[in-house]
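Biologist: I have a model open beside its sequence. Could you take me through it?

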Amino acid sequence: MSALASDSLPVEHAALHVPSLQDVAKVLQTGLSENFGTVSVEVVECPDLKEWGLAAEGLGGATRLMDVGGVPYLMPTPMKEKIYDMKDYPKLSNLEKGGFVIGAGAGPWPYIDRNAEMMPNLTVNEDGSVVQKTKISRTFDEDNSYKTLDLPSTETRNALLGNLFISEGKKGNVLKISCKNRTGPKNFVSCMRETLLAHYGEEAVGMGGVFKVLSGKLKIHVMPDFSPCPINSDEDVNNWLKFYEVPSPFTVLSTFISRDPGLDLRVEHSHGWGEAEVSSGGHYHYDTTPAEVEYLGYYNLAQYIYRLDKPVNTHSFGRD
Ligand SMILES: [Zn+2]
């Protein structure tokens, strides 16, 4: 099944509030310290993120978030025709010369004839060629095991939903965020998002980047194949998903926005893959070892939020 024609897709966008990185560093330092024993947030020159397996070296230049489709296309019953081409995402967000796309989404089900998690991670060059580092994770019905696979550069489809951070992939200043010893109840990403919401209030602040869980364990989920029966509540969602506890190190692509400025957004979404267990990968929920956990992340601020193919009939379950 081919992707929907990009010029047929409705797209809206809004400018986000963009404080200075120094200002956000101070705000996050205070907020994360309420949830972690050791916290350091500073503005640094972005290290070469290709060394972390990313498809570009940095998070800089013409930054935007993009929220594609949504959970309402996955459930109650999947709209399997909702297939997008990630190669179109830079142009659809007004980056005419291409861009670097990372984040969390649903995999291209026709590729393996099955629903899957996806860790979008590709650079689309001006000539349309791609540097493809995207991975997908899929389950096996026989024994509820799962596996993470690399997508070839010829496979750039994204089914149903996606939450992306798009930039020119340039070096430049970013936030370096280190946290150890979780003392509060919030996961790393929710803590940052809720901190920005409390500080900036009505003004929506968006961020995207990558973090590593350097020590400890974490809980992830992987979507199995499409549910044969409709999914109508968060309880149904949790009965359908497959949950796993995985070891570190684990690298996670992450997007979030402090609040939804009326675009029917998923406000945070993070997917990653393991290095210790090369088969591990999926949707980040939280760490399960608060005393041992250590996070190290690099994030940049987004200048805009783009909303592609927003569902007309929406609902709020299944967005955790
Ligand atoms: Zn997810």
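This is a predicted model: local features need pLDDT of at least 70, side-chain atom pairs count only at pLDDT 80 or more; totals for chains, interfaces and linings use all residues.

Biologist: Noted. In what order do the nine strands of the open sheet come?

Modeller: The order is E2-E12-E19-E13-E16-E17-E18-E14-E15, and the pairing is antiparallel. Strands E2 (36-45) and E15 (242-247) stand at the edges; each has a single partner strand, so one side of each is left without a neighbour in the sheet. From one strand to the next, the twist averages 30°.

Biologist: How many bridges join E14 to E15?

Modeller: Six bridges join E15 to strand E14, which covers residues 217-222, and the two run antiparallel. Within that pairing, Lys219 has Glu245 in E15 as its bridge partner.

Biologist: Which helices lie across the sheet strands?

Modeller: Helix H1, residues 21-33, lies across E2, E12, E13 and E19, and runs at about 170° to E2. Helix H4, residues 188-200, lies across E2, E12, E13, E16, E17, E18 and E19, at about 25° to E16.

Biologist: Are His269 and His271 buried or exposed?

Modeller: Both His269 and His271 are buried.

Biologist: What about the rest of E17; how many of its residues are buried?

Modeller: Seven of the seven residues of E17 are buried, so the strand is mostly covered.

Biologist: And which way do they point?

Modeller: Glu268, Ser270, Gly272 and Gly274 point one way from E17, while His269, His271 and Trp273 point the other way. In a regular strand, side chains alternate between the two faces of the sheet.

Biologist: What does E17 pair with?

Modeller: Seven bridges join E17 to E16 in an antiparallel arrangement, and three join E17 to E18, also antiparallel. Leu253 stands opposite His271 in E17. On the E18 side, Gly272 stands opposite Gly282. E17 and E18 form a hairpin, with six residues between them.

Biologist: Let us move to E13. Why is it described as largely enclosed?

Modeller: Eight of the 10 residues of E13 are buried, so E13 is largely enclosed by the rest of the structure.

Biologist: Which strands does E13 pair with?

Modeller: E13 pairs with E16 over eight bridges in the antiparallel sense, and Gly209 stands opposite Ser254 in E16. E13 also pairs with E19, again antiparallel, over nine bridges. There, Val213 has Tyr295 in E19 as its bridge partner.

Biologist: Tyr295 is aromatic. Which cluster does it belong to?

Modeller: Tyr295 forms one aromatic cluster with Phe36, Phe188, Phe211 and Tyr284.

Biologist: How many aromatic pairs are there?

Modeller: The count comes to 12 aromatic pairs. One of them is Trp52 with Tyr298.

Biologist: Why is the pair of Trp52 and Tyr298 classed as it is?

Modeller: Their ring centres lie 5.4 Å apart and their planes stand at 65°, so the pair is edge-to-face; planes over 60 degrees apart fall into that class. The pair links distant parts of the chain: Trp52 is in the loop between E2 and strand E3 (64-69), Tyr298 is in strand E19, and they are 246 residues apart.

Biologist: Are those two buried or exposed?

Modeller: Trp52 is buried, with a relative accessible area of 16%. Tyr298 is buried as well, with a relative accessible area of 9%.

Biologist: One last residue. Where is Arg182?

Modeller: Arg182 is in strand E12, which spans residues 173-182.

Biologist: Why does Arg182 count as buried?

Modeller: Arg182 counts as buried because its relative accessibility is 14%, and the cut-off for buried is under 20%.

Biologist: What does its side chain reach, and what is Arg182 in contact with?

Modeller: The side chain of Arg182 reaches the backbone oxygen of Gly184 at 2.9 Å. Leaving aside neighbours within four places in sequence, Arg182 is in contact with Asn35, Phe36, Asp287, Pro290 and Val293. Of these contacts, Phe36 also belongs to the aromatic cluster with Tyr295.

Notes
Residues are numbered from 1 along each chain as its sequence is written. Side-chain values use heavy atoms; hydrogens and water are left out. Helices (H or I, at least four residues) and strands (E, at least two) are DSSP runs, numbered from the N terminus. Buried means under 20% relative accessible area, exposed over 50%, partly exposed in between (1.4 Å probe, protein chains only). A polar contact is a pair of N or O atoms within 3.5 Å; within protein, one must be able to donate a hydrogen and the other to accept it, and residues adjacent in sequence count only if both atoms are side-chain atoms. Contact means heavy atoms within 4.5 Å. Two strands pair if DSSP finds at least two bridges between them. Axes are lines fitted to C-alpha atoms, for helices over the stretch in contact, and angles run from 0 to 180 degrees between N-to-C directions. Rings of Phe, Tyr and Trp (its six-membered ring) pair if their centres lie within 6.5 Å; planes under 30 degrees apart count as stacked, over 60 as edge-to-face and the rest as tilted.
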